[in-house]
Amino acid sequence: GADADEDDAPALLTFHDSAHHLSTRADLSYLLTLRFPIYSQTSLDQARAAQDALEAQLVQGQRGVQAFSRMEGMQSRMAAFYVDDPEAAAQLASQLAAEHAPELEPALALEYDPSWREYLGMYSAIHRQDEQAANLH
């Protein structure tokens with residue numbers, strides 16, 4: 001029923017707390033989203049592997065951070081990263097997508113978001129929901 005759906009919803013969106021500490025870093029001013037179509041457990045595993053690999057490389061080189069990831073319906077999995085060099089990050093994303101998820105068609109998008117509006121807007125919306133839920137009990 002509807003209740004079960006609501007309980008599942010928060011788990012579909014994962015925030016990366018490390019990102020919150022970095023949300024003041026002005027040099028990470030580009031939002032890169034890497035999205036994969038999901039139609040099976042295998043495709044989900046591949047998408048996650050590619051997105052995790054991108055996060056590991058960005059963090060290791062201090063070139064970016066994963067802000068959040070989420071399932072969109074049951075059709076796709078999206079991961080959002082804040083990066084300093086959009087061209088390099090996009091190239092890296094394509095490379096890792098081909099390596100980890102060769103059968104999936106990645107969708108890459110870049111957006112200039114120096115104030116992390118996308119992340120902070122979603123972050124505060126989720127926390128408001130949590131507070132409302134806490135107040136109901």
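Guide: A polar contact is a pair of N or O atoms within 3.5 Å, where, within protein, one atom must be able to donate a hydrogen and the other to accept it. Please keep in mind throughout that the model is predicted.

Visitor: Which polar atom lies 2.9 Å from the backbone nitrogen of Y39?

Guide: That atom belongs to the side chain of S43, a residue of helix α3. The side chain of S43 also reaches the backbone oxygen of S40, at 2.8 Å.

Visitor: Is S43 buried or exposed, and which residues does S43 touch beyond those up to four places away in sequence?

Guide: S43 is buried, with a relative accessible area of 2%. Leaving aside residues up to four places away in sequence, S43 touches P37, I38 and L104.

Visitor: How should I read a positive phi, and where does one occur here in a residue that is not a glycine?

Guide: Most residues other than glycine have a negative phi. In this model Q62, which is not a glycine, has a positive phi of about 55 degrees, and Q62 is found in the loop between α3 (41–60) and β3 (64–72). W116 likewise has a positive phi, near 55 degrees, in a residue other than glycine, and its place is in the loop between β5 (107–112) and α5 (117–136).

Visitor: Which of these two residues is buried, and which is exposed?

Guide: Q62 is exposed, with a relative accessible area of 60%, whereas W116 is buried, with a relative accessible area of 0%.

Visitor: How do I read the two faces of a strand, taking β4 as the case?

Guide: In a regular strand the side chains alternate between the two faces of the sheet. In β4, S76, M78, A80 and Y82 lie on one side and R77, A79, F81 and V83 on the other, and all are buried, so that both faces are covered.

Visitor: Which strands pair with β4?

Guide: Strand β2 (residues 30–37) runs antiparallel to β4 and is joined to it by eight bridges; in that pairing, M78 of β4 is the bridge partner of R35. β3 also pairs with β4 in the antiparallel sense, over eight bridges, and there V65 stands opposite Y82. The hairpin of β3 and β4 has three residues between the strands, and in this hairpin G73 takes a positive phi near 60 degrees.

Visitor: Why do the buried residues of α5 line one face of the helix?

Guide: An α-helix has 3.6 residues a turn, so residues three or four places apart point the same way. In α5, Y119, M122 and Y123 are buried. Seen down the axis of α5, the buried residues fall within an arc of 105 degrees, so they line one face of the helix. On the other side of α5, R117, N135 and L136 are exposed. As for length, α5 has 20 residues and reaches 28 Å from its first C-alpha to its last, close to the 28 Å expected.

Visitor: What pLDDT does the protein average, and which element has the lowest mean?

Guide: The protein averages a pLDDT of 84, and 81% of the residues score at least 70. Where pLDDT is low, the predicted coordinates should not be read in detail.

Conventions:
Residues numbered from 1 in each chain as written. Predicted model: local features only at pLDDT ≥ 70, side-chain atom pairs only at ≥ 80, totals over all residues. Heavy atoms only, no water. Helix = DSSP H or I, 4+ residues; strand = E, 2+ residues; numbered from the N terminus. Buried < 20%, exposed > 50% of the residue type's maximum accessible area, 1.4 Å probe, protein only. Contact = heavy atoms within 4.5 Å. Pairing = 2+ DSSP bridges. Expected span 1.5 Å × (residues − 1). Arc of directions from axis to C-beta. pLDDT = per-residue confidence, 0-100.
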